[in-house]
Amino acid sequence: MQREINAQMTRVSIRPGVSVLSVLRHLNYKPWFALAEFVDNAVQSYSEHKEQLHQLHGPKWRLKVSIEIDSSAPGRILIRDNAAGITQTVFPRAFRPAVVPPDRSGLSEFGMGMKSAACWFAPRWQVRTKALGETVERTVKFDIAKIVQDEIEELEIEERPARAEDHYTEIALEELHHIPVKRSIGKIKDHLTDIYRVLFRSDVLELKFGTEKLVYEEPPILNAPYYKSPDGDRRVWKREINFDLGDGLSVKGFASLRDPGNYARSGFALFRRGRLIEGSGEEGYRPPLIFGTAGSSSYARLRLFGELHLDGFDVSHTKDGFRWDENEEPFLDLLKEHLDSDEFPLLRQCENFRALASKKDRTQAATKALQRTGDALADAVAEVLPEVGDKPTVDTQTDPLEKQTALATRELRFDYRGEPWLIKIELSDDPAEGDWLSISDQSAAGGEPETIEIRLSMAHPFMVTFAQTDADEIEPLLRIAAALAISEKLARRAGIKMAGTIRRNMNEILREALSKI
């Protein structure tokens with residue numbers, strides 16, 4: 001136990017540059033990283049006084065932090081922890097902007113975390129703290145507008161007697177600039193769970209959000225044979241990562257493949273000093289060199305994930321990103337080498353292995369899709385069907401399709417029962433095109449191949465609603481369109497009259513009834 005301190009403190013300096021406090025509300029913070037600053041301070045306090053805390057409470061004692069948010073206007077956030085509190089020796093610099101601590105090796109290294117996060121959240125806030133071994137509880141209150149207007153450089157400290165063995169800190173943020181609402185609260189919990197997963201695993205930290213204890217769930221890892229040997233031995237697709245970039249920079253961690261895949265939760269989580277810096281929630285670190293560009297068909301964006309602990313790298317003062325300087329490119333080159341060695345071809349397995357998603361995931365997706373489609377049918381089809389059904393039957397167009405602006409085109413040549421065939425596929429970008437699917441069936445003449453032109457309108461309301469930039473969304477619709485077009489040609493060759501009627505009706509139903517969510 002540290003020496004008991006009874007000395008009275010009446011004021012605390014917040015010099016220099018108190019005017020900077022009013023600017024902090026304009027920082028480019030995200031709410032989870034702002035809240036993480038308070039958790040970081042608690043973790044740092046615990047780390048510095050770990051021996052005394054466990055000596056007092058025993059080896060099973062744990063650091064506990066709770067966050068309570070009142071989203072009703074004007075909004076209030078309360079953060080409590082049972083760490084060692086802010087000691088009298090730390091007090092003089094704890095409330096002064098940009099006064100760095102003497103030891104910068106922990107989570108508190110810039111001297112701005114609590115101040116910047118509190119001012120970003122609220123114009124009025126206070127800190128009530130009781131340091132382990134001291135017999136005084138201290139409270140400091142901030143009113144930013146008054147501090148700036150009156151150029152106040154010292155704040156009064158409210159003190160009251162307390163027991164030496166008590167220890168805690170409570171931070172209250174009032175009249176919030178940024179009030180977390182229902183949707184953002186869910187995201188905050190997801191991000192904070194990711195940020196402190198290492199401390200959760202080691203059973204050091206218990207973090208509560210309201211009454212909910214945050215728990216990190218380990219993603220399931222693919223256990224399957226190598227795709228080139230489907231009947232071979234199964235293996236767990238997890239690769240340990242360990243390499244050195246020189247100049248004190250090193251990387252350790254692992255890379256794995258998810259099973260089942262999850263586009264939202266793929267990507268790497270990048271850590272420093274046991275705390276996640278980049279890649280939490282659905283914002284995984286997905287460099288194009290490894291994951292391909294957004295909207296690409298790379299399966300890395302579906303399955304690849306991992307945790308990488310970077311040592312020696314600098315971070316932004318808000319601790320929400322790395323300051324790479326010129327080190328990101330060599331870092332990624334070495335990482336990619338480790339991900340796809342002949343010894344453990346993780347990326348090759350990622351891109352080529354195919355598996356049926358779990359029944360639970362498929363059931364959830366099917367149920368959601370059926371519900372949405374059923375609602376759309378119930379809302380609009382009854383009105384659309386009479387108009388569509390009363391129209392005369394039509395045959396397939398035999399003249400070439402008129403030229404339109406195309407996003408992409410492709411031609412395929414092959415033989416079908418001894419006859420040459422040519423299939424032309426086009427993704428149109430013409431907003432004047434009324435049909436989702438257009439085709440032209442041109443019979444062979446004079447040695448020319450049987451030709452079918454297939455045009456899918458990317459500007460059609462159905463595509464605008466459901467598939468614009470994600471190749472994985474466009475591809476299945478394009479395949480269905482191609483199958484319908486080829487089936488129509490085969491039906492016409494078999495003598496079916498007015499083979500285009502089904503496609504004509506489908507185009508109208510898609511436009512009038514099924515293009516809305």
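In this predicted model, D203 is found in the loop between α8 and β8 (205-209). With a relative accessible area of 47%, D203 is partly exposed, since only values over 50% count as exposed. A second case is R417, which is not a glycine either and has a positive phi of about 55°. R417 sits in the loop between β19 (406-416) and β20 (419-428), and its relative accessibility of 74% places it among exposed residues. Such positions are worth a look on the screen, because most residues other than glycine have a negative phi.

The bond from A73 to P74 is cis, with omega near 5°, and P74 belongs to the loop between β2 (63-70) and β3 (76-81). Likewise, D259 and P260 are joined by a cis peptide bond with omega of about 5°. P260 is placed in the loop between β13 (249-257) and β14 (267-272).

Attention can now turn to the helices. Two packed helices are described by the angle between their axes and the distance between the axes. For helix α2 (residues 31-48) and helix α7 (residues 182-195), the angle is about 50° and the axes lie 9 Å apart. That angle makes α2 oblique to α7, and the crossing of the two helices is right-handed. On the α2 side, the contact involves P31, W32, F33, L35 and A36, which meet K187, I188, H191, L192 and I195 of α7.

Y196 is located in the loop between α7 and α8 (197-201). This tyrosine has a relative accessible area of 0% and is therefore buried. When neighbours within four places in sequence are left aside, Y196 is in contact with A36, V39, D40, L205, L207 and R275. A36 is also one of the α2 residues that meet α7. Y196 and D40 are 156 residues apart in sequence, yet their C-alpha atoms are 9.5 Å apart in space.

A search of the whole structure finds 20 aromatic pairs. W125 and F142 form one that is stacked, at 4.0 Å centre to centre with 5° between the planes. This pair connects distant parts of the chain, as W125 is in strand β4 (residues 124-130) and F142, 17 residues away, is in strand β5 (residues 136-143). Both W125 and F142 are buried.

Another stacked pair consists of Y285 and W324, with 6.1 Å centre to centre and 25° between the planes. Y285 lies in the loop between β15 (275-278) and α9 (288-291), and W324 in the loop between β18 (322-323) and α11 (328-339), so the pair ties together parts that are 39 residues apart in sequence. Y285 is buried at 6% relative accessible area, and W324 counts as buried at 11%; the cut-off for this class is under 20%. The surroundings of the pair are aromatic too: F243, Y285, F313, F322, W324 and F331 form one aromatic cluster.

Notes
Residues are numbered from 1 along each chain as its sequence is written. This is a predicted model: local features need pLDDT of at least 70, side-chain atom pairs count only at pLDDT 80 or more; totals for chains, interfaces and linings use all residues. Side-chain values use heavy atoms; hydrogens and water are left out. Axes are lines fitted to C-alpha atoms, for helices over the stretch in contact, and angles run from 0 to 180 degrees between N-to-C directions. Helices (H or I, at least four residues) and strands (E, at least two) are DSSP runs, numbered from the N terminus. Angles under 35 degrees count as roughly parallel, over 145 as roughly antiparallel, 65 to 115 as roughly perpendicular and the rest as oblique. A crossing is left-handed if the near helix is turned anticlockwise from the far one by less than a right angle, and right-handed if clockwise. Contact means heavy atoms within 4.5 Å. Rings of Phe, Tyr and Trp (its six-membered ring) pair if their centres lie within 6.5 Å; planes under 30 degrees apart count as stacked, over 60 as edge-to-face and the rest as tilted. Buried means under 20% relative accessible area, exposed over 50%, partly exposed in between (1.4 Å probe, protein chains only).
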